[in-house]
Amino acid sequence: MTDLPPYDSFLLVSFGGPEGPEDVMPFLENVLRGKNVPRERMLEVAEHYKHFGGVSPINQHNRDLMTAIKQDFAKEGIELPIYWGNRNWKPYFAETLAQMKADGCKRTLAFFTSTFSSYSGCRQYRENIIEAREQVGEDAPVVDKLRMGFNHPGFIGAMSESVQQAAQSIDKSVEDTHVLFTAHSIPMGMADNCDYEKQLREACWLVAEMAGVSSYDLVYQSRSGPPSQPWLEPDVLDWIAETDDKSKLESLVILPIGFVSDHMEVMFDLDEEAADLCLDRGIKMARAASAGTHPSFVSMISDLVKERLGLKTDRAALGDLGPWHDVCPQDCCLYTPRRPTGPPSGKHPVGQHPAGQRPSN
């Protein structure tokens, strides 16, 4: 590791999204390629996008986040050019890495816009980046991911403030309204091989403690697999209906803690479906904002970069789990039912230790 060049760039790694009606189906085909998702579900999701003009807000969010990161880097004295690459839409990873290579970049720090560990939220991105580096060929930049920030004070602080503001918007305090934390559901087979649930529960507890929340639950949304495949539950809509049936809900704050930005699934599943359900049932509901470009969240990104640049020695983390690893264990977030157990060409995913060199969390 000592012969690697110093870090000379920063890469924002994200999911990508369509930016017009003509992009929707090609985008969804990219997302669902090789996955056991019924075509009917893909067409249903396509309608969600068309409901919003075929434009996902995620790409503009990333542009806004890049601007905020650039400003914070300048304030913190971090001199790294900033790039952006997506898994499923332009700019694709290979395109971005090719540009970085042309610009003379040798080694980059990558921030994944996914705060919690899972195959979809971490390992798959690392595999995708390896494939992109192979496409770019010799002298493609080395990519090292930053650690997960699910328990970083910057993320927890941003989420805590968001919950409090949402409660105030419906004339409630966090002590006298129930808070629902939501995250993207994943298959149980994936959940059994990662720390997704553990990290989510820790983050929910930390936000509740910091915000002063007295009553909360963790629920899930946006499942897309066949009915026969078990996914994490309860679903947010099921929870609202069943809880309201048992004991009338007067008010509710919903925080999409598992999502970094207010993208399509947040807008449709929560701002449309959950909001309509609450309206029908007479539940006063407020949807709390995701991290977005909240100054504390942006500051967290700079903080994680400074750790890796050697500009600070402490590794900020709240709660019981401690700062997460910088380099993933070899078997981290493996998901075997549908995917190969390893990356292409027998290589290790980005930021992964070879066998026998597993760091502790």
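Which residue of E3 is the bridge partner of Ser9? In this predicted model, where local features need pLDDT of at least 70, side-chain atom pairs count only at pLDDT 80 or more, and totals for chains, interfaces and linings use all residues, the partner of Ser9 is Thr108. Residues are numbered from 1 along each chain as its sequence is written, and side-chain values use heavy atoms, with hydrogens and water left out.

| Element | Residues |
|---|---|
| Strand E1 | residues 9–14 |
| Strand E3 | residues 107–112 |

E1 and E3 pair in the parallel sense over 5 bridges, pairing being counted if DSSP finds at least two bridges between two strands. They belong to an open sheet of 4 strands with parallel pairing, in the order E2-E1-E3-E4. Strand E2 (82–86) and strand E4 (142–145) stand at the edges with a single partner strand each, so one side of each is left without a neighbour in the sheet.

Turning to the helices, the axes of H1 (residues 24–32) and H2 (residues 39–51) come within 10 Å and cross at roughly 135°, where axes are lines fitted to C-alpha atoms, for helices over the stretch in contact, and angles run from 0 to 180 degrees between N-to-C directions. That makes H1 oblique to H2, a word for angles that are not under 35 degrees (roughly parallel), over 145 (roughly antiparallel) or 65 to 115 (roughly perpendicular).

Note on methods: Helices (H or I, at least four residues) and strands (E, at least two) are DSSP runs, numbered from the N terminus.
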